[in-house]
Amino acid sequence: MSDYGAETPIAVIGGGLAGLSAALDLIDAGKDVLLLERRPFAGGKAWSFDDPNHDVVLDNGQHVTMRCCTEFQSFLERIGCPDIVRYQERLEVAVIDPDSRGHHVSLISSEQPRSLARLGLQLLPAPLHMLPSIVTYEHLSMGEKTRLALAFEPIRRMSELERLALDRQSFETWLLNHHQTSRVIERFWDLIILPTCNDRCRDVSATQAIQVFQEGFSVDPRAADIGLFTRGLGQVAEAALARLRERGAQIELNASVSGIVTRGGEAAAVRYGRGEQADVSAVILALPPRTAFELVPAAWRRREPFWRLSQHEVSPIINVHMKWDRQVMRRDFVAVLDPDAQFIFHRSQIHGWQTPPHWISVSLSGAHDLVDRPQREIVERAERAVRRALRRTAGAQLLATRVVKESEATFRPKPGINAHRVGPRTSIGNLLLAGAWTATGWPATMESAVRSGRAAAQALLEGQAQAT
Ligand SMILES: Cc1cc2nc3c(=O)[nH]c(=O)nc-3n(C[C@H](O)[C@H](O)[C@H](O)COP(=O)(O)OP(=O)(O)OC[C@H]3O[C@@H](n4cnc5c(N)ncnc54)[C@H](O)[C@@H]3O)c2cc1C
């Protein structure tokens with residue numbers, strides 16, 4: 001039995017961003033917290049590793065945030081590392097079409113045309129600030145760009161209730177019903193939905209996809225500015241653990257939880273590690289949905305909301321980290337209209353590593369078809385796509401690669417998913433749920449994870465306050 005603390009602690013199971021943010025709120029509310037994490041490090045789906053062969057720190061997968069991810073940003077401030085993210089001054093995404101004549105690069109940007117700026121005009125209100133870049137986006141014809149407006153306007157006007165009612169429909173179906181064509185979907189809508197929702201429009205709930213556009217492109221002109229991590233992602237979890245320890249939380253790493261002991265219909269203790277057991281006053285399960293489902297005592301699994309956790313599927317992300325003998329790109333990142341390249345990040349430049357060799361990371365979302373393929377094939381396809389997309393690779397030598405497959409990177413935001421994204425409260429008063437997959441309304445992001453942790457902590461604190 002654990003002899004930790006004066007009070008019976010609240011167990012937070014899972015040291016991903018959801019667990020870390022729940023633990024932070026609880027400790028700041030004066031509670032005793034026991035954080036249990038299976039791996040030797042925290043951070044969950046957002047982690048880094050040393051590659052000793054190449055003397056470099058790599059992330060499991062390239063992560064970006066956006067200015068609209070306000071809870072994640074305030075989490076970074078609370079743990080003392082807000083400066084780990086560098087935001088663009090305004091949204092700017094260079095999109096490369098390797099098949100177009102002249103090897104075309106076109107921008108999606110919220111920058112105002114110079115002529116307007118010279119006239120001293122202020123930023124246009126959202127979503128009109130996107131108009132100039134849509135007009136100049138050269139990977140669509142003029143007719144196709146006109147079609148975009150026919151979908152943007154109903155998205156802008158849609159109420160929350162109307163949006164929620166669309167959950168059973170795929171975003172592709174919704175777009176086709178709103179004058180979009182397969183080509184427009186592939187060359188514009190998928191470009192945004194694939195990295196944010198981790199699946200293509202055809203596989204994503206319309207409710208989820210429209211939330212992304214309303215949040216990022218329709219509310220605040222700066223909301224979609226992209227933030228890049230200037231240091232390894234692992235530093236976020238380290239800073240959070242340091243802050244939790246400083247405030248008196250008990251952190252157990254290498255502590256895989258294997259069971260929840262019940263008493264009187266409530267969670268009373270948790271079993272973890274090599275046979276350790278700790279009495280607890282409450283439990284927050286901050287785990288992927290299926291892992292959480294398997295930890296719930298068998299007698300409770302058929303109850304609401306637990307059975308819904310077993311209905312979730314997963315979507316993979318693959319990152320191909322590449323070491324080149326020279327600079328092969330100029331920008332921090334580019335999008336590519338090629339499924340084997342998708343988004344390419346200039347890791348060396350973003351991290352301020354000046355001298356060669358130069359690292360870039362190819363981030364492949366929704367990689368269902370690729371995830372079971374051999375690493376050699378993945379590297380060959382990615383190298384071919386990068387060489388086609390980036391002219392500067394001509395004559396350059398690819399010195400090394402490192403492939404990271406995250407086969408369960410995120411929950412799958414398929415049509416109908418909202419019914420299974422449940423809130424933090426369960427039918428067991430002292431057992432709560434957190435995780436990016438819960439009912440935050442957001443896709444599987446760091447923002448969603450942090451929000452879910454806060455929601456679980458708040459629900460628990462409210463429940464405890466009512467009981468006293
Ligand atoms: C490659 C990749 C790229 C991504 N890109 C982005 C991006 O650009 N922007 C963005 O916002 N989001 C991105 N995401 C998503 C984001 O990382 C996740 O949504 C978020 O980190 C999930 O946090 P979580 O705490 O909900 O879950 P998790 O991170 O899954 O945390 C769960 C934790 O529970 C632990 N655990 C599991 N079983 C047990 C057990 N039995 N006992 C104890 N502990 C256990 C796990 O080890 C883990 O630490 C990306 C994810 C991946 C994988």
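## Ground rules

You're looking at a predicted model, so to speak of a local feature takes a pLDDT of at least 70, side-chain atom pairs count only at pLDDT 80 or more, and totals for chains, interfaces and linings use all residues. Residue numbers start from 1 along each chain, following its sequence as written.

Helices (H or I, at least four residues) and strands (E, at least two) are DSSP runs, numbered from the N terminus.

## Helix α14

Which residues of α14 are buried? They are Ile378, Ala382, Ala385, Val386 and Ala389. Because these cover an arc of only 100° around the axis, they sit on the same side of α14; the arc is taken from the directions from the helix axis to the C-beta atoms. On the other side, Arg376 and Glu377 are exposed. Here, buried means 20 or more other C-beta atoms within 10 Å of a residue's own, exposed means 12 or fewer, and partly exposed is in between, with C-beta atoms placed from the backbone.

The buried residues of α14 pack against several strands, including β15 (314–324), β18 (358–365) and β19 (398–411). Contact here means C-beta atoms, placed from the backbone, within 7 Å.

## Around the ligand

The ligand has 38 residues surrounding it, and the closest are Gly14, Gly16, Gly44, Gly61 and Thr445. To count as near, a residue needs its C-beta atom, placed from the backbone, within 6 Å. Helix α15 gives the largest share of this shell, four residues.

By class, the shell has 16 nonpolar, 16 polar and six charged residues. Ala, Val, Leu, Ile, Met, Phe, Trp, Tyr, Cys and Pro count as nonpolar, Asp, Glu, Lys and Arg as charged, and the others, Gly among them, as polar.

Most residues other than glycine have a negative phi, and most peptide bonds are trans. Here are some exceptions.

Glu304 and Pro305 are joined by a cis peptide bond, with omega about -5°. Another cis bond links Pro356 and Pro357, where omega is about 5°.

His179 has a positive phi, near 70°, and is partly exposed, with 13 other C-beta atoms within 10 Å.

Technical notes
Two residues are in contact if their C-beta atoms, placed from the backbone, lie within 7 Å.
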